[in-house]
Amino acid sequence: MQRFIRHQGVAAPLDRANVDTDLIIPKQFLKSIKRTGFGPNLFDELRYQDEGYPGRDNSKRPINPEFVLNQPRYENASILLARRNFGCGSSREHAPWALTDFGFRVIIAPSFADIFFNNAFKNGLLLITLDEETVEQLFREVEATPGYQLDIDLTAQQIHRPAGESIGFEVDPFRKYCLENGLDDIGITLDENSEAIRDFEARHRAANPWLFRDEAANQV
Amino acid sequence: MAAQTLYDKLWNAHLVSTREDGTALIYIDRHLLHEVTSPQAFEGLRLAGRQPWRIDANIATVDHNVSTLSEERSAGISGIADDVSRIQVQALDDNTLGLGIETFGINDIRQGIVHVIGPEQGATLPGMTVVCGDSHTATHGAFGALAHGIGTSEVEHVLATQCLIQRKMKNMQIRVEGELGPHVTAKDIILAIIGRIGTAGGTGYAVEFAGSAIESLSMEGRMTICNMAIEGGARVGLVAVDQTTIDYIGNRPFAPTGEQWEAAVESWRQLVSDQEAQFDQVITLDAAAIEPQVSWGTSPEMVTGVSGRVPDPQSFTDETAQRGAVRALEYMGLSAGQRMTDIRLDRIFIGSCTNARIEDLRAAAKIVDGRRVAATIKQAMVVPGSGLVKRQAEEEGLDAIFKRAGFEWREAGCSMCLAMNADKLGAGEHCASTSNRNFEGRQGYGGRTHLVSPAMAAAAAVAGHFVDVREFVETPVQAAQA
Ligand code: SF4
């Protein structure tokens with residue numbers, strides 16, 4: 001997992017509540033065998049004017065010029081400003097995979113759906129929850145200022161704006177620790193428990209040798 | 001030590017560590033892999049530069065996506081017509097073989113539905129923890145093993161650490177006491193249980209199935225019951241170890257031998273709930289009162305006895321259930337009060353990890369022997385659970401019985417259970433299916449699934465509509481043919 005300590009980037013406003021994971025990445029793309037490569041089809045139905053399917057050359061598809069991520073001023077956006085209940089619906093982990101593959105590192109919204117929230121942090125995506133009013137203010141600033149960038153300092157838990165005061169935010173200490181150290185669940189388990197697992201395994205093997213096929217093979 | 005349930009014993013025997021937040025690290029003995037939920041997990045390992053913790057704990061096969069047509073199958077991976085499926089099947093081989101993981105590939109006689117082949121190979125043993133990126137992993141609990149379905153991130157976690165992060169569940173015991181009537185099977189028991197407790201009844205519980213009716217079941221029957229624990233909301237189903245369990249395992253390829261066998265059997269005999277063990281909930285059913293079951297709706301709890309009728313949505317107590325029933329009847333094209341035996345069928349599917357073992361095929365063959373599939377049935381198919389089940393059935397001449405009756409005899413795989421390959425229902429078609437989920441669109445867009453036992457599916461194939469298999473077997477073969 002990519003480490004997250006501090007990140008500065010262009011913010012893009014997605015002005016729509018209840019964005020579900022189907023909208024983030026439609027079902028026909030779940031047939032993929034990869035965890036990467038979903039970026040070109042992120043928000044497929046909003047981004048393009050026709051129906052996408054796996055293997056299609058997206059460069060030949062008619063794009064929807066209205067859609068925020070298709071506007072030149074939001075090119076290379078890495079921070080998404082969103083509305084209430086972002087990421088609701090199906091539990092597909094493909095949703096955070098698509099967002100990070102596109103290049104997003106941070107999403108700021110008044111609220112997120114539960115499962116999406118978990119999945120996102122597992123994949124190195126920082127989700128920041130701010131009150132409706134503050135989010136509304138950010139929407140206005142972003143829209144009024146081409147090239148608007150935010151500077152997100154995870155360590156200090158501060159969002160630095162180009163003008164005006166910084167905004168503090170909350171983050172669960174354990175999740176913060178994982179992000180700062182680039183550790184996913186697996187990293188943590190290995191870090192904290194490798195020795196315990198090995199010890200357990202040795203005892204378990206001694207008590208139940210038949211559970212280990214190399215033991216069974218030795219016996220023959 | 002305080003009295004423990006079987007689940008408590010299995011949990012305690014695999015506990016590596018516990019965190020302050022109540023989560024625990026559980027050691028995993030057996031990890032089963034298939035083509036659909038594993039590719040991203042392997043990719044994740046590669047991207048992070050990690051190695052699997054323990055290769056010999058893993059076993060892989062292809063089942064969800066493979067064609068069940070012999071012609072297409074015989075050409076191996078390159079013969080798979082659907083591009084996406086072919087890539088997924090190839091990816092499994094590439095991922096597992098490169099690491100040295102034992103893999104039962106597309107043309108291996110041991111290939112089959114992941115939950116059929118684990119037990120068949122003796123790769124599922126009592127006292128194990130078993131996981132797989134598939135919710136029907138509960139099947140393996142029939143052996144007194146702690147078996148969970150897991151997600152793709154967890155597949156990767158198990159590959160990398162040999163452990164799973166879990167919270168302990170509560171204990172439920174479902175007792176089925178007494179003797180089953182003739183032609184009433186394990187499938188009817190579990191459907192009746194789900195009809196009683198509902199699809200969320202087991203949520204948060206590890207469910208142990210017990211009582212004299214469960215004890216008298218074969219391992220195949222116990223697997224059918226544990227398989228559908230998940231349809232009752234429970235991620236874990238269990239049956240205590242007894243002589244039936246031990247007899248089933250003896251001499252299977254992955255089972256211990258010699259002194260280790262003796263030691264293993266001694267330890268497995270402890271895998272029962274202590275007499276004094278406390279369950280958070282106990283439910284009891286009378287086996288003799290269970291009749292052959294048929295589902296009428298779009299959730300496994302929407303089920304009734306074959307002598308019953310499609311219920312009136314008004315008969316449900318709360319409004320949510322009423323709305324659900326109205327919607328289900330509309331989708332299923334049924335009306336309240338209709339007799340279950342008046343439901344006409346278009347297709348028959350005998351297969352899936354619930355009911356595609358040798359005993360299931362024998363039960364179905366016994367019904368169709370000497371009879372013919374009704375002319376109004378568009379397709380009747382038998383899809384064995386594994387290559388070895390198929391071979392066994394052929395040795396017993398079951399394939400000939402099915403083919404003579406007008407059934408198609410296919411290669412092993414998940415097939416029409418989830419319709420990821422070419423085996424599908426058409427819109428509006430009714431299917432008597434021995435699988436486990438009757439959700440909207442599960443067996444094909446607009447398809448209408450009725451869950452039944454293999455014997456009930458076989459009888460329905462001959463009659464063209466549902467019939468009570470208990471009465472059906474009384475009709476002379478000649479008369480049924482006319
Ligand atoms: S047979 Fe059906 S339920 Fe069983 S593993 Fe295959 S798709 Fe899943």
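**Layout, burial and packing**

Modeller: Chain A is divided into domain 1, residues 6-183, and domain 2, residues 187-219. Please keep in mind that this is a predicted model.

Biologist: Where in chain A is L42(A) found, and is L42(A) buried or exposed?

Modeller: L42(A) is found in the loop between α1 (21-24) and α2 (44-47) of chain A. Buried means under 20% relative accessible area. L42(A) is buried because its relative accessible area is 0%.

Biologist: Which residues does L42(A) touch, not counting those up to four places away in sequence?

Modeller: D22(A) is 20 residues from L42(A) in sequence, and their C-alpha atoms are 9.9 Å apart in space. Contact means heavy atoms within 4.5 Å. With residues up to four places away in sequence left out, L42(A) touches I24(A), I25(A), R47(A), L69(A), A98(A), L99(A), F102(A) and F104(A).

Biologist: Turning to chain B, what radius of gyration does chain B have, and how does that value stand against a compact globule?

Modeller: The C-alpha trace of chain B spans about 60 × 55 × 45 Å along its principal axes. For 482 residues, a compact globule would have a radius of gyration near 23 Å. Chain B agrees with this, its value being 22 Å.

Biologist: What percentage of the residues of chain B count as buried?

Modeller: Chain B contains 18 helices and 19 strands. Of its contacts between residues at least 6 apart in sequence, 76% join residues at least 24 apart. Among the 482 residues of chain B, the share that counts as buried is 63%.

Biologist: Why is helix α2 of chain B described as largely enclosed by the rest of the structure?

Modeller: Helix α2 of chain B comprises residues 39-48. The buried residues of α2(B) are P39(B), Q40(B), A41(B), F42(B), E43(B), G44(B) and L45(B). The helix is largely enclosed because the number of its 10 residues that are buried is seven.

Biologist: Against which elements do the buried residues of α2(B) pack?

Modeller: α2(B) is followed by G49(B), whose phi is positive, near 65 degrees. The packing of the buried residues of α2(B) involves both chains: β3 (30-33), α4 (83-99) and α6 (152-161) of chain B, together with α3 (94-102) of chain A.

Key:
Residues are numbered from 1 along each chain as its sequence is written. Chains are lettered from A and ligands numbered from 1 in the order in which they are written. This is a predicted model: local features need pLDDT of at least 70, side-chain atom pairs count only at pLDDT 80 or more; totals for chains, interfaces and linings use all residues. Side-chain values use heavy atoms; hydrogens and water are left out. Helices (H or I, at least four residues) and strands (E, at least two) are DSSP runs, numbered from the N terminus. The radius of gyration is taken over C-alpha atoms; the globule rule is 2.2 Å times the number of residues to the power 0.38. Buried means under 20% relative accessible area, exposed over 50%, partly exposed in between (1.4 Å probe, protein chains only). Domain bounds come from an automatic or database domain assignment.
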